[in-house]
Amino acid sequence: MFAVTRFSSWSELKTQFSDRPLWAYRGQMDSAWPLETTLYREAARNNSLEWKTLSSREDWLLYQFRRFAHHYCADLPPEKDILDWLALIQHYGGPTRLLDFSYSLYVAAFFAVETAVGDAAIWALSLPTLELATYERLGYWPTGSIDEVRRSNNSKFHELKETPTNVQTVIHVEPDRMHERLFVQQGLFLAPTDPNEPFLKNLGAAFKVRYRSVLTKREQKWTRSLDDRTGNEYGVSGYIALVKIILPKEHHREILEDLMSMNISAATLFPGLEGFSRSLRFHV
């Protein structure tokens, strides 16, 4: 289900992972970091995890944000669209259970290496495999077009927010109202159904693997066999749905220069003066 690897060059990585429809990618500036939500990280920092109240704390944060957001923003989501509100909180840096991913390998690579001081990482996840696992765990099977399935996932997320479940898994959601950055970054969210537990524990439960086995997975050389296994369907013996790709520090400048040639930079991913100013780091 899970592999950790690195490639000998940026070119080789692109060859292996740039053309994978319906895979999602997340870049992290430190290869040692696990996948984790801002809600869980803040609770860990504040030593409040032991109370197992993150779902209700998230509700309180949502309530407070709804109360005061109109002072700062005129164009707000409808009251009932919880996902849209959480996406807005996430956009402005607040803690939520939503974990940002991108449909673009290159956008994820930018976020991984932009300000990294050591080895970074890209996490790559097969969305069709995750969704099959999640549907099985939750016992619902949406049908129809991609947009209809997206709406079904969003509806299920809202249902689980209103009536929390003790089933641990991860659900793929995309808000109806896409703010500008989410759009240009080709973004989507993955949300754990149990915010009181680590994201990777929820993800491991989705794929029926032990949390510890995900945390302790050893790095291995990428082979044709491993590549073939990423094409296996959920449940097929040896399938791989999640790959952590380590980006050595010595490749970062090359990656940034290549991304710049594709017009992927802070200036394009963060439209406005903030993004343009941030992009000036590249020229130092």
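**Close-up views of a predicted model**

**View 1. Elements around the largest pocket.** Strand 2 (23–28), helix 2 (38–45), helix 4 (82–91), strand 3 (99–102), helix 5, helix 8 (180–184) and strand 6 (187–192) each give at least two residues to the lining of the largest pocket. Helices (H or I, at least four residues) and strands (E, at least two) are DSSP runs, numbered from the N terminus. This is a predicted model: local features need pLDDT of at least 70, side-chain atom pairs count only at pLDDT 80 or more, and totals for chains, interfaces and linings use all residues. Residues are numbered from 1 along each chain as its sequence is written, and side-chain values use heavy atoms, without hydrogens and water.

View 2. The space amounts to about 980 Å³ (the volume filled by probe spheres set on grid points joined across faces, edges and corners). A pocket is an open set of points on a 1 Å grid over the protein atoms alone, where a 1.4 Å probe fits, with protein on both sides within 12 Å along at least five of seven lines; lining residues have an atom within 4 Å of a point. Of 35 lining residues, R26, Q90, D100, F111 and F270 lie nearest the centre. The lining has 15 nonpolar, 13 polar and 7 charged residues (nonpolar: Ala, Val, Leu, Ile, Met, Phe, Trp, Tyr, Cys, Pro; charged: Asp, Glu, Lys, Arg; polar: the others, Gly among them).

**View 3. The second largest pocket.** Its volume is about 330 Å³. L22, E131, I146, V149 and H172 are the closest to its centre among 17 lining residues. Helix 6 (127–138) and helix 7 (146–162) each supply at least two lining residues.
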